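Take a look at the structure below. This report walks through ring pairs, charged contacts and strands.

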Amino acid sequence: MAGDERHPQPPPQGRRGPRRDPGRGARRGRRTPLAGAGPDTRAGSRSSRIPTPLPAETALPTSAPGQVDAALPTREHPFRGSPAERWADGADAIELPEAKAVAGLTEADVELALRNTKEFLVASNLDPAVLRGEQPERALDLLEPKQSALLSELRRALREPTRKNDPLRLFTRFDPDEVRLAGDVIKVRGHMTFAASRPGELKVHADYTFVYPLVRAHGDGDQVARTIVRRDLTLTMADPGRWAATKGKLLPESYTADYANSDCDAHDGYLHPAFPDELQGPAPTGPAEDPYDRSRPLTDGERDVEVCGVAMRT
């Protein structure tokens with residue numbers, strides 16, 4: 001799935017204006033490891049210590065978070081045994097950098113682009129209705145309406161998802177007949193930056209990891225599964241006076257997603273987590289990675305985003 005091109009307004013005196021490169025989308029799915037590599041399920045392994053919150057992230061860390069007290073998550077404590085216990089909650093975790101004028105855009109323009117980028121992240125990854133499989137209308141409304149081909153492609157992906165045209169590349173959705181959130185807290189960590197692009201155009205880069213605690217949709221069992229989604233995306237906003245653009249609307253230039261604990265072979269537009277009692281059968285294959293490790297960018301050229309690997313922990 002690729003972003004469309006945004007063309008400049010017709011330049012005066014016959015001069016040719018710049019063209020934008022098309023965007024790109026990629027996905028990577030991973031199942032959890034077999035039992036024994038996850039939280040300690042032994043009695044007495046739970047800790048009542050309240051973890052110290054982490055300061056906000058302003059750049060990629062230099063290493064993965066250390067091991068935490070091994071414990072099995074429950075409905076009451078869905079982030080127990082996870083480094084995400086120390087992360088901020090939901091939209092509050094998405095902090096905006098200080099805006100300043102760049103690329104011929106005013107400070108107010110930059111602030112608008114940052115606010116709308118945050119709103120897009122929230123509408124795509126934190127909206128309860130979207131998480132339970134409904135249409136991400138607010139997120140779509142934030143995108144450039146002049147890019148009709150891109151919007152049509154995204155709507156087709158939501159309506160008729162396929163391996164190549166997968167809505168999960170931009171939107172987090174679960175099958176409501178299978179799972180639901182364990183509570184109303186989603187842990188989030190990441191940071192946002194911005195930079196000048198071409199004259200009259202701003203790039204906003206966002207790199208965030210979302211941790212979703214889930215229980216089965218039916219029944220009242222205490223088992224909790226966690227699915228972890230990391231998103232790296234670059235959105236652009238352009239000056240309508242210089243480009244064929246709509247004020248405040250965003251154009252996805254590039255977007256990459258990585259999922260831990262989701263069925264790699266499912267391409268129905270939903271994430272499908274495995275619960276601890278389902279981690280049976282043959283040992284998973286593929287590269288093992290820590291989904292909490294934010295020290296390497298998703299856009300690292302050594303990563304194969306099409307390979308289904310193994311999550312070292314959830």
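## Aromatic pairs

Two rings of Phe, Tyr or Trp (its six-membered ring) count as a pair if their centres lie within 6.5 Å. The model shown is predicted. A search of the whole structure turns up four aromatic pairs. The rings of W87 and Y292 are one of them: their centres are 5.8 Å apart and their planes stand at 75°, so this pair is edge-to-face. W87 sits in the loop between strand 2 (29-31) and strand 3 (88-89). Y292 sits in the loop between strand 9 (288-289) and strand 10 (309-311). The pair therefore ties together parts that are 205 residues apart in sequence. Both W87 and Y292 are buried.

F210 and Y212 make an aromatic pair of the stacked kind. Their centres lie 6.4 Å apart, with 20° between the planes. F210 is buried, and Y212 is buried too. Ring pairs also bring in F174: together, F174, F210 and Y212 are linked into a cluster.

## Charges over rings

Rings can have charged neighbours as well. The charged end of K187 sits over the ring of F79, at 5.7 Å from its centre. R216 lies over the face of F275, and here the distance to the ring centre is 4.4 Å.

## Salt bridges

Side chains of opposite charge can pair when their charged atoms come close. How many salt bridges does the count come to? The count is 17. In one of them, the side chains of E119 and R138 meet at 2.5 Å, N to O. E119 is partly exposed, with a relative accessible area of 31%. R138 is partly exposed as well, at 35%.

R132 and E134 form another salt bridge, at 3.2 Å from N to O. R132 has a relative accessible area of 45% and is partly exposed. E134, at 40%, is also partly exposed.

## A bridge between strands

E253 forms a salt bridge with K203, and their closest N and O atoms are 3.2 Å apart. E253 lies in strand 8 (residues 251-260), and K203 lies in strand 6 (residues 201-216). The pair therefore ties together parts that are 50 residues apart in sequence. Are these two residues buried or partly exposed? E253 counts as buried, because its relative accessibility is 18% and the cut-off for buried is under 20%. K203 is partly exposed, with a relative accessible area of 29%.

E57, R189, D207, R230 and R294 are linked in a network of salt bridges.

## Strand 6 and its partners

Strand 6 is mostly covered: of its 16 residues, 13 are buried. Strand 4 (residues 179-181) pairs with strand 6 in the antiparallel sense, over three bridges. Here R180 has V215 in strand 6 as its bridge partner.

R189, a member of the salt-bridge network, has T209 in strand 6 as its bridge partner. Strands 5 and 6 form a hairpin with four residues between them. In the turn, G200 has a positive phi of about 80°.

Strand 7 (residues 225-238) is another antiparallel partner of strand 6, joined to it by 14 bridges. The bridge partner of L202 in strand 7 is M237.

Terms used
Residues numbered from 1 in each chain as written. Predicted model: local features only at pLDDT ≥ 70, side-chain atom pairs only at ≥ 80, totals over all residues. Heavy atoms only, no water. Phe/Tyr/Trp six-rings, centres within 6.5 Å; stacked < 30°, edge-to-face > 60°. Helix = DSSP H or I, 4+ residues; strand = E, 2+ residues; numbered from the N terminus. Buried < 20%, exposed > 50% of the residue type's maximum accessible area, 1.4 Å probe, protein only. Lys NZ or Arg CZ within 6 Å of the ring centre and 35° of its normal. Salt bridge = Lys/Arg side-chain N within 4 Å of Asp/Glu carboxyl O. Pairing = 2+ DSSP bridges.
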